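Here is my note on the structure, written as numbered points so that you can follow along with the sequence and the 3D view open beside you.

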Amino acid sequence: MFHAKIVVTLRKSILDPQGKAVEHGIHALGYDNVNELRIGKFVELNVDARDRQEAERICREVGARLLANPVMEDFTVSIEEVTHV
Amino acid sequence: MRSKIKFAVVVFPGSNCDRDAFNAVERIMEQEARFVWHKDTDLGDPDVVILPGGFSYGDYLRCGAIARFSPVMKEVVRFANHGGVVLGICNGFQILTEAGLLPGALLRNESLRFVCMDTFVRVERSDTIFTESCKPGEVLKIPVAHGDGNYYTDEEGLKRLEDNGQILFRYCSAQGKIIAEANPNGSVASIAGIVNTAGNVMGLMPHPERAVDPVLGRIDGRKIFGSLIHSLVRKDNESFSVHS
């Protein structure tokens, strides 16, 4: 079994008003050194697969078909093997 | 020959404009209408499918992202690919983009605020089945109510929409000027509604079904339903005269 973490973010070319608003909030707290803040979605899931490659392939398919909308979003997948359930 | 057009209004869990749409076409426009539950796989041989506004599946993940996998959507896609007329309003527009029946996507409003107000939209083309009762450049007053209506497509996508004449409605001032102040959500090129290249699938964020009854102070939405009804009745009569 594999445990996957999938992070979905708005494409870099797309304005992220939510991220901008939160960045302004952080600046209001006095952290002027924080910038380029972007907000995305975090998904974690378990997948039964023969090996890491198959687990990654399944996660990429699920990401492209449902979790992210390729018109406006990108996603990354990171996978670790789970030995104890 | 048939005098009434058959509308199928799809109901997803979380749809909330389905009854308004039904009322608009059945009571106000005096056509036939029936509801189709999202789990149904039979549309009932309609002339027009309406995907209504609302918050299907709680807008989880992305607006329309889960609804597009509803059993009924397979039939809607098949219907559209065979030339059937599909009208997506608000959440219905979002579902059509998620299902790939219309290009682009609808992002969170630029202001991050839910907008609920009257808007003016300019009719960019009056030679489509959705707009033939309008004059070119006519300004319609139709309300919007959405949090994710910010139409997005990249530069190439926008060029394709413009080259193909797919933009049917743009947000404008009461006088028909396309200005930033009249754009309620930050949509690219002030886009309020688009049609597919085949001309049979249209999505728009404003709610024409909320602008059909004079009791509510606005009736411009009738022009969109009226266009559809006229064009379909005409097509019916044409094929009747050919076959008889």
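In what order do the three strands of the open sheet in chain A stand?

1. Please keep in mind that this is a predicted model. The model as a whole scores ipTM 0.83 and pTM 0.93, while chain B has a mean pLDDT of 95, with 98% of its residues reaching 70 or more.

2. To take the question first, the order of the strands in chain A is S2-S1-S3, and they form an open sheet whose pairing is antiparallel. Strand S2 (40–47) and strand S3 (73–81) of chain A each have a single partner strand and stand at the edges, so one side of each is left without a neighbour in the sheet. From one strand to the next, the twist averages 20 degrees.

3. Looking at one pair of strands in detail, you will find that strand S1 (residues 2–10) of chain A runs antiparallel to S2(A) and is joined to S2(A) by eight bridges. A residue to look for here is A:Ile6, whose bridge partner in S2(A) is A:Val43.

4. Helix H2 (residues 52–67) of chain A packs on this sheet, where the helix touches S1, S2 and S3 of chain A. The direction of helix H2 makes about 155 degrees with that of S3(A).

5. Turning to the two chains together, eight residues of chain A are in contact with 10 residues of chain B. On the side of chain B that touches chain A, five residues are nonpolar, one is polar and four are charged.

Technical notes:
Residues are numbered from 1 along each chain as its sequence is written. Chains are lettered from A and ligands numbered from 1 in the order in which they are written. This is a predicted model: local features need pLDDT of at least 70, side-chain atom pairs count only at pLDDT 80 or more; totals for chains, interfaces and linings use all residues. Two strands pair if DSSP finds at least two bridges between them. Helices (H or I, at least four residues) and strands (E, at least two) are DSSP runs, numbered from the N terminus. Axes are lines fitted to C-alpha atoms, for helices over the stretch in contact, and angles run from 0 to 180 degrees between N-to-C directions. Two residues are in contact if their C-beta atoms, placed from the backbone, lie within 7 Å. Ala, Val, Leu, Ile, Met, Phe, Trp, Tyr, Cys and Pro count as nonpolar, Asp, Glu, Lys and Arg as charged, and the others, Gly among them, as polar. pLDDT is the predictor's confidence in each residue, from 0 to 100.
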